[in-house]
Amino acid sequence: MKTQVLAMEDNTNKTTDRSELGGSIPVDNVQALAFKGQEDIPVRYIRPEIESEEILVDESLQIPVIDISKLTLSGKPGYDDELAKLHVACKDWGFFQLVNHGISETIDDMKKVTEEFFKLPLEEKMKCAQLPNNIEGYGQAFVVSEEQKLDWGDMLFILPLPVAQRDLRFWPQNPISFRKTLDEYSNALHRVSMKLFKLITLNLGIKHESVGKLFENCTQGIRINYYPPCPQAQKVLGLAPHSDATVLTLLVQVNEVQGLQIKNSKWVPIKPIPGSIIVNIGDVMEIMSNGEYRSIEHRAVVDVEKERLSIAAFHGPGFEAMVGPLPELVKEIKPKYKTIDAPEYFKLVINTKLDGKSLIDHMKIQ
Ligand code: OGA
Ligand code: NI
């Protein structure tokens with residue numbers, strides 16, 4: 001998710017001042033727009049290309065399911081099989097559902113405050129509104145041109161980690177338990193990500209100590225997506241196709257309305273198992289693994305009648321990290337991607353966002 005890294009950029013003095021790049025162009029609040037209930041929606045949301053793509057949806061495929069409770073102790077029955085399954089999931093799919101993660105209560109609490117927040121009147125939500133040249137807060141995805149098509153959705157974007165750089169101006173105080181719940185959610189999701197990261201590096205044949213630095217002082221962004229119902233749902237997108245620019249994303253679907261689709265030659269709709277976490281490989285993981293694992297393009301579609309909410313937690317490298325293929329993986333084979341430091345990587349993410357090119361293409365060694 002590119003906008004997340006934009007905000008990380010704000011937190012480091014090493015990189016370009018984002019105000020030089022111009023902030024996001026303010027656009028309408030989509031929840032308020034949808035509430036008006038007009039059949040004809042503004043043309044900036046209509047995407048002519050997706051109607052013709054509808055035939056390309058394949059309902060028959062499903063992403064793998066990983067049971068992380070089988071991966072607590074090596075040598076336990078089922079451990080090796082599940083670890084092998086995780087490898088296949090990362091290699092062939094780049095997406096999987098995680099079950100038995102042990103943090104259901106925290107997730108349920110977070111879902112509750114999320115739903116409550118989006119039910120609040122607009123003025124109340126606007127107390128956490130995005131500010132110029134700052135991507136955190138309540139608003140819409142980063143908009144760079146007046147011509148750009150718009151997503152049918154609002155978001156609340158917060159950077160909980162590193163803790164020292166939290167900006168509480170964007171943390172809602174209504175509902176009253178929001179901040180405490182988000183703090184617990186951030187910790188729980190960070191813990192699960194670290195576990196997964198360890199297992200993934202094990203699968204790549206890497207000693208975890210040698211990659212510890214990459215995730216030391218890990219950056220975490222939490223984006224709560226709110227997709228209102230849309231009378232012309234078939235013609236809009238809640239979130240345009242993208243890959244996530246970070247290492248690992250953990251996504252929780254808040255209500256029963258589906259909408260996430262992943263690109264696997266056709267668009268494959270994800271049917272979430274209740275209580276599961278949807279995990280995907282981000283661009284940094286693709287680069288680290290020297291292309292063994294790939295960051296998969298995905299998008300969100302919306303429903304005609306029902307609102308949809310999701311919570312994405314992006315985990316990225318710390319500011320001190322290097323972003324590049326893990327040295328142990330490129331001893332005998334050529335690196336397919338460049339190595340740059342994290343601040344430089346975040347800067348690249350911004351520039352590719354601005355010129356609309358794929359980030360991975362910029363990192364590939366031709
Ligand atoms: C994201 C994302 C999908 C969804 O926030 O980067 O891919 O289902 N979200 O909301
Ligand atoms: Ni995404």
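**Briefing on the predicted model**

Tyr227 has a relative accessibility of 3% and therefore counts as buried. The model discussed here is a predicted one. The points below begin with Tyr227 and its contacts, and continue with the aromatic pairs, the crossing of helices α5 and α7, and the residues Asn29 and His242.

**Tyr227 in strand β5**

- Tyr227 is located in strand β5, which covers residues 219–227.
- Beyond its neighbours within four places in sequence, Tyr227 is in contact with Trp152, Gly153, Gly238, Leu239, Ala300, Val302, Lys306, Glu307, Arg308 and Ser310.

**Aromatic pairs**

- Eight aromatic pairs are found when the whole structure is searched.
- The ring centres of Phe117 and Phe118 are 5.2 Å apart and the ring planes stand at 90 degrees, so this pair is edge-to-face, the term for planes over 60 degrees apart.
- Phe117 and Phe118 are both buried.
- Phe319 and Phe346 also form an edge-to-face pair, because their ring centres are 5.6 Å apart and their planes are at 85 degrees.
- This pair links distant parts of the chain, 27 residues apart: Phe319 belongs to the loop between β12 (308–316) and β13 (322–323), whereas Phe346 belongs to helix α10 (residues 342–355).
- Phe319 is buried, as is Phe346.
- One aromatic cluster is formed by Phe117, Phe118, Tyr138, Phe178 and Tyr226.

**Crossing of helices α5 and α7**

- Helix α5 spans residues 104–119 and helix α7 spans residues 178–203; their axes come within 9 Å and cross at roughly 140 degrees.
- The two helices, α5 and α7, are therefore oblique to each other, since an angle counts as roughly antiparallel when over 145 degrees.
- The crossing of α5 and α7 is left-handed.
- On the α5 side, the contact is made by Thr106, Ile107, Asp109, Met110, Val113 and Phe117.
- On the α7 side, the contact is made by Phe178, Thr181, Leu182, Glu184, Tyr185 and Ala188.

**Asn29 in the loop between α1 and α2**

- Asn29 lies in the loop that joins α1 (2–10) and α2 (30–35).
- With a relative accessible area of 14%, Asn29 is buried, the limit for that class being under 20%.
- A polar atom of the Asn29 side chain lies 2.9 Å from the backbone nitrogen of Ala32.
- Not counting residues up to four places away in sequence, Asn29 touches Leu122, Tyr138, Gln140 and Asp154.

**His242 in strand β6**

- His242 is found in strand β6, which comprises residues 239–242.
- The relative accessible area of His242 is 16%, so His242 is buried.
- A polar atom of the His242 side chain lies 2.9 Å from the backbone oxygen of Ala240.
- The side chains of His242 and Asp244 are joined by a polar contact of 3.1 Å.
- Not counting residues up to four places away in sequence, His242 touches Ile296, Glu297 and His298.

How values were computed
Residues numbered from 1 in each chain as written. Chains lettered and ligands numbered in written order. Predicted model: local features only at pLDDT ≥ 70, side-chain atom pairs only at ≥ 80, totals over all residues. Heavy atoms only, no water. Phe/Tyr/Trp six-rings, centres within 6.5 Å; stacked < 30°, edge-to-face > 60°. Buried < 20%, exposed > 50% of the residue type's maximum accessible area, 1.4 Å probe, protein only. Helix = DSSP H or I, 4+ residues; strand = E, 2+ residues; numbered from the N terminus. Contact = heavy atoms within 4.5 Å. Polar contact = N/O pair within 3.5 Å; in protein donor to acceptor, adjacent residues only side chain to side chain. Axes fitted to C-alpha atoms, helices over the stretch in contact; angles between N-to-C directions. Parallel < 35°, antiparallel > 145°, perpendicular 65-115°, else oblique. Left-handed = near helix turned anticlockwise from the far one by under 90°.
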